[in-house]
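Me: I have just opened this one and would like to get my bearings. Could we go through it together, a topic at a time?

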Amino acid sequence: MASQPAVTDDVRSQMGRDGKRAAQKTVLDARQRLTSSSGTRASFDFELMHDYADSRLSAALPMAAIVAILAIVATFWVPPVFTALWAGAVLLSMLIVVLMAQRFKTSDPSKFNAGQWTTSFVAGETVLGLAWSLLALFTLVANPETLTPVMFAMVLVAVAANAVATHTLPPATLVSTMPVTLTVSANLIALGGTLNYTLAAVAVCGEIFFVYLARQLHASELETITHQGEKDALINELEEARHMSDEARRHAEQANIAKSQFLATMSHELRTPLNAIIGFSEVLKSELLGPHQVPQYKEYAGDIHSSGQHLLNLINELLDLSRIEAGKYELNEEVVSLVDIAEDCRRMMELRAKAKGIDLIYSVGDNLPKLWGDERAIRQVVLNLLSNAIKFTPQHGKVILVVTRSGDGGQMVSVKDNGPGIPEDEIETVLSSFGQGSLAQKTAEQGAGLGLPIVQKIMELHQGRFDLFSKLRFGTEVIATFPRARVMDALAPVVEKKNRLQIFSEAG
């Protein structure tokens with residue numbers, strides 16, 4: 001429950017950052033719309049006009065061909081001179097628009113002025129639209145009764161072609177299509193007759209339809225540009241996050257190198273006086289040069305010796321953990337006997353266990369092969385596990401050391417005690433570097449909280465597993481499991497030392 005406020009604060013902080021980011025985005029979008037000539041975003045205006053210019057340039061030859069075909073077809077009803085004049089006016093207007101589009105394509109994007117270019121393109125399209133509207137003058141030089149269906153067809157072709165070509169610039173769509181529609185429709189209405197009225201109505205409906213289609217195409221194009229912009233922004237954010245991550249990793253590596261150099265230097269500087277302190281305190285404690293006249297001196301020498309040993313062990317643990325975390329802890333692997341290592345560690349810890357009245361029980365499985373591993377590292381694992389168990393087991397308690405096969409065919413070392421146990425919410429803390437549970441903080445036993453983290457790291461280097469099971473008032477069990485791949489089944493199984501001594505004595 002203690003961690004709940006911290007979690008809540010983190011959530012609130014994250015929500016605050018998200019809200020601030022959303023507000024900034026809203027303000028930016030509003031500013032972009034206010035400065036945009038198209039009512040969307042200023043950053044999209046260039047893309048839309050760029051697409052418009054591309055469309056006009058790519059459609060120039062097809063549109064010229066359409067104008068030529070319409071002019072040739074119109075010569076069946078209209079004198080060729082007038083169709084040629086009309087076609088020339090339209091083609092000249094188209095050439096103006098194409099030249100403007102080409103100039104836009106070659107202009108400097110950094111000097112882009114949306115309002116100026118929009119005005120220029122709309123003016124050019126207006127001239128083009130007026131040129132197309134000259135179709136209405138054909139009725140002055142030809143028979144209107146036979147010409148009106150042809151004019152109607154030419155209007156639909158002009159409106160459709162221009163609407164599609166200018167869909168990314170809505171004002172251009174209107175000025176390039178509406179003049180021809182209005183003039184021809186007005187001419188048809190002026191001529192009168194049911195057919196002409198119908199053709200005029202259909203022409204107006206066609207204008208509305210193609211303008212609506214152009215609007216839909218514009219919305220689709222705008223949505224595509226929006227998605228592309230969001231994708232580019234996301235890519236930029238990811239790239240920026242990657243750079244920040246690389247920078248943070250570089251700083252972390254530099255800090256880690258500095259830490260390693262500091263520990264290496266300090267270990268040398270500390271170990272030299274510590275060895276002297278431990279050595280001289282050993283002499284004083286043992287009274288090698290004569291008995292102390294004051295009995296407390298011997299006690300003080302013992303305290304100095306034990307404190308020096310504790311500090312030296314702490315320095316060694318710090319260096320081991322630092323090397324492991326830096327990836328410089330190299331295993332000196334060879335064929336070792338887990339049974340022999342466990343037996344040696346049991347013997348070393350037996351005096352400490354007897355001093356507290358703890359019953360240290362040792363059990364070994366039958367026919368255990370040897371292992372491929374680092375003897376010093378494995379010895380450190382077993383010693384750390386036994387030391388922790390004895391440290392936190394109350395007087396007259398019990399500690400059980402078991403070496404046996406694991407379920408997957410590997411080998412395991414289990415240390416179980418009947419101490420007070422560890423609360424479930426403190427297990428993660430106990431397994432972290434410098435982490436100590438509430439029991440360790442209350443007890444008088446010394447420790448830096450590095451034993452179990454070092455055991456974890458060493459087991460990882462051996463591709464093994466470390467598990468801790470604990471229950472309050474029922475005790476704790478820790479298990480270090482070596483994988484099946486490290487078991488040397490091809491070698492002769494290890495026989496307990498006791499049995500080997502019996503065999504040798506019988507042979508003698």
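Me: Let me start with charges: in what kind of contact do the side chains of Glu239 and Arg242 meet?
Reply: This is a predicted model, so everything here is computed from predicted coordinates. In it, the side chains of Glu239 and Arg242 meet in a salt bridge, with 2.5 Å from N to O.

Me: And how far apart are Glu239 and Arg242 in helix H8?
Reply: Glu239 and Arg242 are three residues apart in helix H8, which means that about one helical turn separates them.

Me: How accessible are Glu239 and Arg242?
Reply: Glu239 has 34% relative accessibility and so counts as partly exposed, and Arg242, at 39%, counts as partly exposed too.

Me: Which side chains does Arg249 meet in salt bridges?
Reply: The side chain of Arg249 meets that of Asp246 in a salt bridge of 3.7 Å, N to O, and it also meets that of Glu253 in a salt bridge of 3.1 Å, N to O. Arg249 and Asp246 lie three residues apart in helix H8, about one turn of the helix, while Glu253 and Arg249 are four residues apart in H8, a spacing that again amounts to about one helical turn. As for accessibility, Arg249 is partly exposed with a relative accessible area of 46%, Asp246 is partly exposed with 28%, and Glu253 counts as partly exposed at 40%.

Me: Which residues do salt bridges with shared partners join into one network?
Reply: That network consists of Glu343, Asp344, Arg346, Arg347, Glu350, Glu375 and Arg379, joined by salt bridges that share partners.

Me: How many salt bridges does the structure hold?
Reply: The structure holds 15 salt bridges.

Me: Changing topic to the strands, in what order do they sit in the open sheet?
Reply: Five strands form the open sheet, in the order S2-S4-S5-S7-S6, and their pairing is mixed. S2 and S6 stand at the edges with a single partner strand each, so one side of each has no neighbour in the sheet. Direction ignored, neighbouring strands of this sheet are turned by 10° against each other on average.

Me: Which helix packs on that sheet and touches S2, S4, S5 and S7?
Reply: That is helix H10, residues 338–355, whose direction makes about 170° with that of S2. Helix H14, residues 451–461, lies across S6 and S7 and runs at about 145° to S6.

Me: Do S2 and S4 run parallel or antiparallel?
Reply: Strand S2 (residues 359–364) and strand S4 (residues 398–405) run parallel and are joined by six bridges, with Tyr362 standing opposite Leu401 in S4.

Me: What about S4 and S5, in which sense do they pair?
Reply: S4 and strand S5 (residues 411–417) pair in the antiparallel sense over seven bridges, and Thr404 stands opposite Met412 in S5. The two strands form a hairpin with five residues between them, and Gly409 in the turn has a positive phi of about 95°.

Me: How many bridges join S6 to S7?
Reply: Seven bridges join strand S6 (residues 465–471) to strand S7 (residues 475–482), and these strands run antiparallel. Along this pair, Arg465 stands opposite Thr481 in S7, and Ser470 stands opposite Thr476 in S7. Their hairpin has three residues between the strands, and Arg473 takes a positive phi near 70° there.

Me: Now the inside: which residues have the most contacts within the largest nonpolar core?
Reply: Trp86 and Trp132 have the most contacts inside that core, which has 49 residues. Helices H2, H3, H4, H5, H6, H7 and H8 each supply at least two residues of this core, and H6 gives the most, with eleven residues.

Me: What is Trp86 in contact with, leaving aside its neighbours within four places in sequence?
Reply: With those neighbours left aside, Trp86 is in contact with Val67, Leu70, Ala71, Ala131, Trp132, Leu134, Leu135, Phe138 and Met154.

Terms used. Residues are numbered from 1 along each chain as its sequence is written. This is a predicted model: local features need pLDDT of at least 70, side-chain atom pairs count only at pLDDT 80 or more; totals for chains, interfaces and linings use all residues. Side-chain values use heavy atoms; hydrogens and water are left out. Two strands pair if DSSP finds at least two bridges between them. A nonpolar core is a set of buried Ala, Val, Leu, Ile, Met, Phe, Trp, Tyr and Cys residues joined through side-chain atoms within 4.5 Å. Buried means under 20% relative accessible area, exposed over 50%, partly exposed in between (1.4 Å probe, protein chains only). Contact means heavy atoms within 4.5 Å. A salt bridge is a side-chain nitrogen of Lys or Arg within 4 Å of a carboxyl oxygen of Asp or Glu. Axes are lines fitted to C-alpha atoms, for helices over the stretch in contact, and angles run from 0 to 180 degrees between N-to-C directions.
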